[in-house]
Amino acid sequence: MFVLDRNGLPLQPCTPARARQLLRTGRAVVHRRTPFVIRLRDRNRQESVVQGVQIGVDPGSRYTGISLFTGSDAVSPKPVAEPAVVRAGVFSIEVQHRGNQIREKLTARAALRRGRRSRNLRYRQPRFDNRTRSVGWLAPSLRHRVETTMSWISRLQRWAPVAALHVERVAFDTQLLQDPEIAGRGYQQGTLHGYELREYLLEKWQRKCAYCGVSGVPLNLDHIRPRSRGGSDRASNLTLACISCNQTKGNQPVEVFLAGRPEMLARILAQVRKPLRDAAAVSSTRWALWKSLTVTGLPVHVASGGRTKYNRHRTNTPKSHTLDALHVGVVDEVTGWPVRVLVATATGRGTYTRTRTDRYGFPRLRLPRTKLHHGFQTGDLVRAVVRTGANQGTHVGRVAVRSTGRFNIRTATGLVQGIGHRYVRLLQRGDGWTYSRQPEQQPA
């Protein structure tokens, strides 16, 4: 649990049992509900021993894993004489981005504006041709991912004594994937080379067998054009295959092996010719995130996705977004991690639009100018205790307000409609996120 001193400065996090004891004895008060933060009444930071924590960030396209952990870390591999780097997870957050929703809304808006120009109206020149993009420009859906991740980093800095940051700056070494000889024989046969290549293929082929589509089973690297027939070891000639398909294919060319399945053959060949633009897009976003993290003034240590996968294999840890964040950088041993993960889903803070339209684009209704009704706003976390009636019971969740005073509450089990505002009590103001918890992956 996060702990603040009497002046709101972060102290060393404590266990849930310790937080309950402080609240029960009156030494602390609840500062925030989700994530749970307490504030001490009788302690200053100058009077406390603060060891500090570190943050690991595993950026992703739809999910970003963030892990707080204790322990020392290094920027580069250590000499043998130095002690091993040991980490212990303290808090885990899985951030779910809404980049796909942003892209879909922008596409719909562009189609609507294009339609207005092309209908039976006076022709208007498109203005998007006059716009210029500054250096480092990112699409709104990609910029959203960087900004939401930085938002959580700044929040964690307010609640915990963060001493350093660890982030994956690049997902894959694309030059090494294109040409294994680029850095010499020693780098080609280094410890991380196989992890970089395999992690890239897992992302490219969606962690499934390319021939039968099975997932969740051991997958082998298969040469699309066999090496015995002149095929190379480049990433463009490799795919994933389950043990059965790999043995059945043998050294046959893929055109012979899939002669009876032309649709699958066309799909695989199209996927093979697909360039490394996906890896480049992820890498560009991670570079933008790294540049934003350096502005915080904290030491920022960088690593690659292949290094993270290598660390997980060494510690025999299952894969998840938050556990990847725990293994970013240089680490020798992980002693433990939280059993539950906080899932924060980006929902936004409403919309500027005050007019709702029908399916044809004509105005259907107008929204009120004020968003606050009876002291509540849509998105607030509330608790409603209803004694009688159809909605009898205790309901906790996000509220959707109405000017009539009859609110809707979205709980973990469903939607409860028509609850009077007199039964509703505020737990936490809406901040553009919804929260839930899920169990963390455990070793088999």
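How many aromatic pairs does the count come to? The count comes to seven aromatic pairs, where rings of Phe, Tyr and Trp (its six-membered ring) pair if their centres lie within 6.5 Å. Welcome to a predicted model, in which local features need pLDDT of at least 70, side-chain atom pairs count only at pLDDT 80 or more, and totals for chains, interfaces and linings use all residues. Residues are numbered from 1 along each chain as its sequence is written, and side-chain values use heavy atoms, with hydrogens and water left out.

**View 1. Phe2 and Phe91 form an aromatic pair.**
A pair of aromatic rings is described by the distance of the centres and the angle of the planes. For Phe2 and Phe91 these are 4.9 Å centre to centre and 65° between the planes, which makes the pair edge-to-face (planes over 60 degrees apart; under 30 counts as stacked and the rest as tilted). Phe2 lies in strand β1 (residues 2-4) and Phe91 in strand β7 (residues 86-96), so the pair ties together parts that are 89 residues apart in sequence. Helices (H or I, at least four residues) and strands (E, at least two) are DSSP runs, numbered from the N terminus. Both Phe2 and Phe91 are buried, meaning under 20% relative accessible area, with exposed over 50% and partly exposed in between (1.4 Å probe, protein chains only). Together with Trp159, Phe2 and Phe91 form one aromatic cluster.

Is Trp152 buried or exposed? Trp152 counts as buried because its relative accessibility is 0%. Tyr435, with a relative accessible area of 23%, is partly exposed.

**View 2. Arginines lie over the faces of Trp137 and Trp152.**
Arg133 lies over the face of Trp137, at 4.0 Å from the ring centre. Arg155 takes up such a place over Trp152, at 4.8 Å from the ring centre. A charge sits over a ring if NZ of Lys or CZ of Arg is within 6 Å of the ring centre and within 35 degrees of the ring normal.

**View 3. Four strands form an open sheet.**
The order is β2-β1-β4-β3, and the pairing is mixed; two strands pair if DSSP finds at least two bridges between them. β2 (10-11) and β3 (28-32) stand at the edges, each with a single partner strand, so one side of each is left without a neighbour in the sheet. β3 pairs with β4 (residues 37-40) in the antiparallel sense over four bridges, and Arg32 stands opposite Val37 in β4.

Strand β16 (residues 381-386) pairs with strand β17 (residues 393-400) in the antiparallel sense over six bridges, and Val386 has Gly393 in β17 as its bridge partner.
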